[in-house]
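Biologist: I am new to this structure and would like to learn how its features are read. Could you take me through them slowly?

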Amino acid sequence: MCSTSSMKHNLAQARILVKKAVDAGAKALFLPEASDYISHSAEETITLVRSVEDSIYVKGLQKEAKDNKIAITAGIHEPGDEKNSGKIKNCSIWISEEGEIIERYKKLHLFDMNLTNGPQAHESDSFEKGNEIVPPLQTPVGLVGLLICFDLRFPEVPLSLKRQGAQIITYPSAFTVPTGKAHWEILLRARAIETQSYVVAAAQAGHHNDFRVTYGHSMIIGPWGDVLAELGGDFNGPEISIASIDLSIVNKLRREVPLKRRTDVYPEL
Ligand SMILES: O=C(O)CNC(=O)[C@H](CS)NC(=O)CCC(=O)C(=O)O
């Protein structure tokens, strides 16, 4: 997706993706971080936020899920929990194939970056951070661990999710181009290999406005670290990437290559 500041426009993109996913026989559709909108500035990002009950985008996704009997997960913005913080939340939601929001996750790690001659990020100026790891969620494709974008850089959490039974880890994302080129695929494959899980990473792609461009390259990685599906970096209209999830591969690999942690030497994550 290439979300803009118009929720209506972004819902239209999501509908195209639902149609493609349904036509391809998918049981679940994974949409990127901030799929409801990507705006021009932090100020605009805060003014555009709506509760899920008032978001035409979220309500539209719920209707699509129900009408098409497909689960949908998406990164969205939500109003802050803390009184008068002036901040909002970077969340993901899981919508069941009945159209109900059955889980939500609030991004644990906020993206602050001050690269010389590179893109800057000040997410913690306008977003509240989450304080909880959400236990893996039972879905039609397996037990899913919900994380978001910059969380990808912190292996402790997916390892904990694996210990709790996760078979699929998802990272809806909106990566910068330089960090994407250098780190995106390596980190996704590393997270898949070390957790012996599928990793599904739907990414924003292309030019969102004059100030914002994202790396794209949505990917689905198998538990062996193999790239099962991948999209490009250019945006030429909403596009899906599709893969079969075979949980017997996860179980077999975990049996054949047991990764027994030395928690007698270092603490359990
Ligand atoms: O701003 C919004 O509305 C949505 N949020 C984002 O795009 C976030 C925070 S700026 N992006 C990332 O976390 C990219 C991480 C990244 O690129 C890296 O880890 O290298």
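This is a predicted model: local features need pLDDT of at least 70, side-chain atom pairs count only at pLDDT 80 or more; totals for chains, interfaces and linings use all residues.

Modeller: Residues are numbered from 1 along each chain as its sequence is written.

Biologist: How many helices and strands does the protein have?

Modeller: Helices (H or I, at least four residues) and strands (E, at least two) are DSSP runs, numbered from the N terminus. By that reading the protein has seven helices and 15 strands. Its radius of gyration, taken over C-alpha atoms, is 18 Å, close to the 18 Å that the globule rule gives for 269 residues, so the protein is as compact as a globular protein of that length. The globule rule used here is 2.2 Å times the number of residues to the power 0.38. Along its principal axes the C-alpha trace spans about 50 × 45 × 35 Å.

Biologist: What percentage of the residues count as buried?

Modeller: A residue is buried if 20 or more other C-beta atoms lie within 10 Å of its own, exposed if 12 or fewer, and partly exposed in between, with the C-beta atoms placed from the backbone. Of the 269 residues of the protein, 43% are buried in this sense. A related idea is the contact, where the C-beta atoms of two residues, placed from the backbone, lie within 7 Å. Among contacts between residues at least 6 apart in sequence, 65% join residues at least 24 apart.

Biologist: Which domain does UniProt place on this chain?

Modeller: An unreviewed UniProt entry places the feature "domain: CN hydrolase" at residues 1-247, and such annotations may be inferred rather than shown by experiment. Over residues 1-247 the chain is 28% helix and 26% strand, and the end C-alpha atoms are 28 Å apart.

Biologist: In which sense, parallel or antiparallel, does β9 pair with β8, and in which with β10?

Modeller: Two strands pair if DSSP finds at least two bridges between them. Strand β8 (residues 137-139) and β9 pair in the antiparallel sense over three bridges, with Leu137 opposite Val144 in β9, and the two strands form a hairpin with two residues between them. On the other hand, β9 and strand β10 (residues 168-170) pair in the parallel sense over three bridges, where Gly145 has Ile169 as its bridge partner. Four of the five residues of β9 (residues 142-146) are buried, so this strand is largely enclosed by the rest of the structure.

Biologist: How many residues join β12 to β13, and is Thr214 buried or exposed?

Modeller: A hairpin joins β12 to β13 through two residues. Strands β12 (residues 205-209) and β13 (residues 212-215) pair in the antiparallel sense over four bridges, and His207 stands opposite Val213. Thr214 lies in β13 and is buried, with 26 other C-beta atoms within 10 Å. Leaving aside neighbours within four places in sequence, Thr214 is in contact with several residues, among them Ala174, Phe175 and Ala203.

Biologist: Which residues are closest to the ligand?

Modeller: A residue is near a molecule if its C-beta atom, placed from the backbone, lies within 6 Å of it. Here 15 residues surround the ligand, and the closest are Ala34, Phe111, Phe150, Ala174 and Thr179. The shell divides into eight nonpolar, four polar and three charged residues, where Ala, Val, Leu, Ile, Met, Phe, Trp, Tyr, Cys and Pro count as nonpolar, Asp, Glu, Lys and Arg as charged, and the others, Gly among them, as polar. Phe150 is also one of the residues that Leu110 touches, not counting residues up to four places away in sequence.
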